[in-house]
Amino acid sequence: MSEEIEEIHSLISSDEDFNKSSGYSALLQFQRHSCANPSSLQSLAHSSHSILSSIVSDISGDRHEEIVTQASKCLGFMLYHPSVVSVLRVDDANLVLRALPTLITTTKLKASAVFLISVFSSLSACNLGVWCLSVQQLGASLLVTHFHSLLRAIVHALDNPMGSLSTTFEATQAVMKLSGQLSEQMKGSSHIWAPPIYRRLLSTDKRERDASERCLLKIKSTVISPSLDLSKVVVKDMKTKLLNRMKDLLDNGMKTQAIRAWGWFVRMIGSHALKNRHLVNDMLKVPERTFTDVDPQVQIATQVAWEGLIDALVHCPILVSETNASTEENTQQKQHSSGRKNCDDQANGFSKSIKLIMTPLIGIMSSKCDISVHSSCLNTWCYLLHKLDISINEPSMIKMVLEPMLKAIFQNGPDCKNICLWNLGLDLLSDSISQKCRDVLYQSTGPVSDIITENGPSLSGECSWKQHLIRWKSWNINQLDFYLSIIFHLIHQAARPTVTYDHRSHIYDATLKLFINILKGVKLDVGSPSTNYDGIMQCLNSLLTFIKGVCEDLCSVVGENYDVYCTSIQFIDAITKELGPSILGSPLYKFSLDLKYISDTQSVDDNKLKFQGVSCVSYMDKVSPLVYLIALYFHVMVQLTTKAHQPDHISQVMCEYFKFIFCLGDPLENLLTSIGFLYRHVQPIYLSIWIALAQGLDYCVSDVNRKSLQEALSDTIVYSSICRLLIYPIVAHSEVPRMTSANASSSLDKYPVSPERKLRFELVIQIWKSLYGSLSASGFGQSSATNFSGDVCMLLSSCFDENGGKVESGTGFELTCNEVNLGVLHLSGNFLICILEQIQTFELFSESDRSKFDHGSKILCCIQNCLKFVAKYMNLLRVQIVRDPPPGFVGTSRLYSALAFFISCLHRKQDILHFLEIASCPLLQWLSDMGMQDERTNNQLQLLWIEILSCLRRSQPPLNFGSALLKHHEPLFEKTLDHPYPSISEPTINFWNSTFGQNIILDFPSSLLCVLDKLSRNGRLKLQKRSLPCLQKCHSHEEVDDAVQGYRVSAKHNRTSKRVELVLDTPKETPPVSFKKRRLELTEHQREVGRAQQGRERDTGGHGPGIRTYTNADFTQGRDDSQESQEETRDAEAILQLLMKTI
């Protein structure tokens, strides 16, 4: 012990009051300095026993009040500082705890000013004794021994008959201290010490009211839920004086003070209020007056006080325990009949209590109050949710508590004032819905789920409501309709025209997240073995009904709101991707296609779709959920396409959707359904949908890993539908009414060719080429019954046939960029170029496949169809004059160039002859009109003609340039041999000299005689002299065969009146014969020719009719043997002369 402490101890141990006073002053000063000096504090702790002995002796004896006051100040420090308390002996602590109650109860109380710790001189000994109790840090084991004496002392101070404010303050502080140290003992005795506190809530002195309320807030867990004894005391006080005093405060305008006190009173009555209904009804008259007050502060205070009624009436999960009890009672009905009746009564009473609590809350949220009042109301409601515990998950509670309040929150569209309320509601919904997935996470990861539940991210970023933990449980499918109805209401409210774009986007994003969480929960239920077929159908029906309501009903109401359509698309996309094909595409789950969209378009479109060969579904057909969703998707996209300002963005969204559904396990139905719905909307404006569909299909076709799609493409119906998908852009433009003088203005207004549409043309062409190329590369349509390129060309030609009359009838009518018919022409030309290129790449050069499925005849058919399409396009270009063509337009020059390259790849005789047969007519027209064409076009036409001539030369097997071939194409050679353009005539003359000029022509067409005479006399054209070898060559099988199969040339008369009959039927191939046999047959036949010649001389001198000139149709030798046969028979000079005379 230090010398200073020894000196202080000697002074306070003195019997002289002066010395004691000096000693306590020095001790108090030493205590203050020891807080900053550890050594001094240690010395004080070591001398605590002797110092406490003196202090207890002084406060217990009959000392002067000043000495007692000084001693009490020093005692408070010794009981408060941990360094001193930690070394106190148990006996010393007991000595102090026995002395303090005596000091408090026996000392005369004095009124004083506001308590200030630094001004100890103004405090009475009683105040300081209570203060010592409020600051002491003694252990609970020491305090519990003296609890009753301490409680009496505190109650004595609380009663405070002299009205000392400082005493009241210190007493409430002591109550808070002991409640923290001895909570159970304080709770059990609350009916003793609480009345002096809660009665001061109605004091006219604000300082007393505030001190009491602060104390009750601090010890709320001790008095709430109240003990039965406390409830009875409060009820008694309420009946005698407290209720009347509250009414007096209301009458005097102190409404806030009265309602705040009311909240505490009803809390402390607690469940005992159910047994005092008359009292409670009288008490409810107080908030009835304050709920409707015009002052927002009074209304807010009423909301806070209403939580007191919640504390009184809601204090356990009654419904859940009741439900569990009812489950047990089902097995023991007779033994528990009385218990079940009791549970029913409890549940009925609980429901009435909840309705009582909810009625004013819903009324406030539904009224036009200040936003602060609404916010306070929601806090009170959240407190109710917290108090309901797991009962909030019961259907009855959802119906009474959750649903009406959420609808009240979202009754008005979001704006800058109420957006905070919307956010709170969204957060609550999100936490409730996502709990199902959290429970699954909890099962797999453990307690981490609890952390997520309490601190998980909110949709709004604000979590003020989470100060009260709400115990959501996993919802079941019976709650699905409730959640979907709330989301539908949210979308509808956000779609109001008064809602800003930012708020609308925020709400739509939030609702989409909510919906995705719902889908995750539905997927868990559907995949659960405990969910039966009816449960799955119920889930799917609820989801489809909801989606239908959003896409059809809601979209029809909001009108021009672009965002609603985008949100609808996102919802369809979400349900498709979350539930997947195993659920949505199952053949077990079928629903009626009850969409108004289908009903409205069916009567007009079904016949047309069937005529075009496109698969379609009808109104009320039983379809899978996925087909139902695809139908809704098209409905929304059609609406969105007509309203969107960013069609490219829309196309990208659609493309991703089509990619997904075409890559599912069984894409056949999805593909057919999509194409069928596309053909319900055949107009250029819907090309954005076609673009998305084509891109999605192209992506899947190009992916070699998509085996299911590859298998689907082999289906006959799919083949037909995809071919019609490719011609959709042409059909869409063909559906537009043609430009006439009568409807020109309307057509221009409805379908103007804007720069955006020109860009759209380019995009359509690009995607068409990509899809066509991918399909061709994948071997699509290459079977024994189909030919992809040829069938597409045939369909495109049919489109031209339907529009050709209208187009070609308008001779003299010019197409400009402002006319929709230009779209057909522009697209058709580019498609034609692409087809020609693909035929060259994948068909003409596919030599390895020639043996499959009679591949040669298939290629021939393909080329025929393609060339027919080329011919029709060339005719259309000839009839219509296109001015100001868009970029990439396939005009005559570009078409000539493409055809020239295409022809350069032809080698087979049949292909070449069919090309010449089909292309000769339009080609003849273009050759005739070269004078009206530009130089570039003429140059390309010249190159094309040169390539045609070159193609004829390289034919395999070689062509026989005889009379049959010449007769069949005489107009073409008549035009080109004497063409005004040397670039045409010179190559043709050279061609003649190297082909026809090397052969004997039996019969020149009459139209060529003048041209041949002119050119031969000028020495430019060769005419072969007639000799036996040339005659035999001209009479070979190839000459007849080179005339296109299926044509027959009738007999003609030449200048000598000789009748020549050409039999054009190609003879069947015969087995090879021996050389000797061939020689004998030829010799015999030549004898017959001789006899015929002799008969001719006798009849008419060689110039009359009736004599038949035999051709190679009469001979059976093949081409390979003709030369050898001629050499064997050439030695018969007589026969040679005879034949020369005949010719």
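The axes of helix H7 (residues 90–106) and helix H8 (residues 125–135) approach within 8 Å and cross at roughly 145 degrees; here axes are lines fitted to C-alpha atoms, for helices over the stretch in contact, with angles running from 0 to 180 degrees between N-to-C directions. This is a predicted model, in which local features need pLDDT of at least 70 and side-chain atom pairs count only at pLDDT 80 or more, while totals for chains, interfaces and linings use all residues. Residues are numbered from 1 along each chain as its sequence is written, and side-chain values use heavy atoms, with hydrogens and water left out.

H7 passes H8 in a left-handed crossing (left-handed if the near helix is turned anticlockwise from the far one by less than a right angle, right-handed if clockwise). On the H7 side, Leu-100, Leu-103 and Ile-104 meet Ala-125, Cys-126, Gly-129, Val-130, Cys-132 and Leu-133 of H8, where contact means heavy atoms within 4.5 Å. By class, these residues divide into eight nonpolar, one polar and no charged (Ala, Val, Leu, Ile, Met, Phe, Trp, Tyr, Cys and Pro count as nonpolar, Asp, Glu, Lys and Arg as charged, and the others, Gly among them, as polar).

Seen as a whole, the protein has 55 helices and six strands; helices (H or I, at least four residues) and strands (E, at least two) are DSSP runs, numbered from the N terminus. Of its 1143 residues, 55% count as buried (under 20% relative accessible area, with exposed over 50% and partly exposed in between, for a 1.4 Å probe and protein chains only). Among contacts with a separation of 6 or more, 79% join residues 24 or more positions apart.

The axes of H2 and H5 come within 9 Å and cross at roughly 25 degrees, so H2 is roughly parallel to H5 (angles under 35 degrees count as roughly parallel, over 145 as roughly antiparallel, 65 to 115 as roughly perpendicular and the rest as oblique). This crossing of H2 and H5 is left-handed. Residues of H2 including Tyr-24, Leu-27 and Leu-28 take part in the contact, as do Phe-77 and Met-78 among those of H5. The contact of H2 with H5 has eight nonpolar, five polar and four charged residues.

Helix H20 (residues 296–313) and helix H23 (residues 371–388) have axes that come within 9 Å and cross at roughly 5 degrees, which makes H20 roughly parallel to H23. Among the residues making the contact are Trp-306 and Ile-310 of H20 and Tyr-383 and Leu-384 of H23. Their contact comprises nine nonpolar, six polar and three charged residues.

Two further helices are mostly covered or enclosed. In helix H32 (residues 625–643), 19 residues should span 27 Å at 1.5 Å a residue, in agreement with the 27 Å between its end C-alpha atoms. Because 17 of those 19 residues are buried, H32 is largely enclosed by the rest of the structure. Helix H37 (residues 716–726) is mostly covered, with eight of its 11 residues buried, including Tyr-719, Arg-724 and Leu-726.

How values were computed. The expected span of a helix is 1.5 Å times one less than its number of residues.
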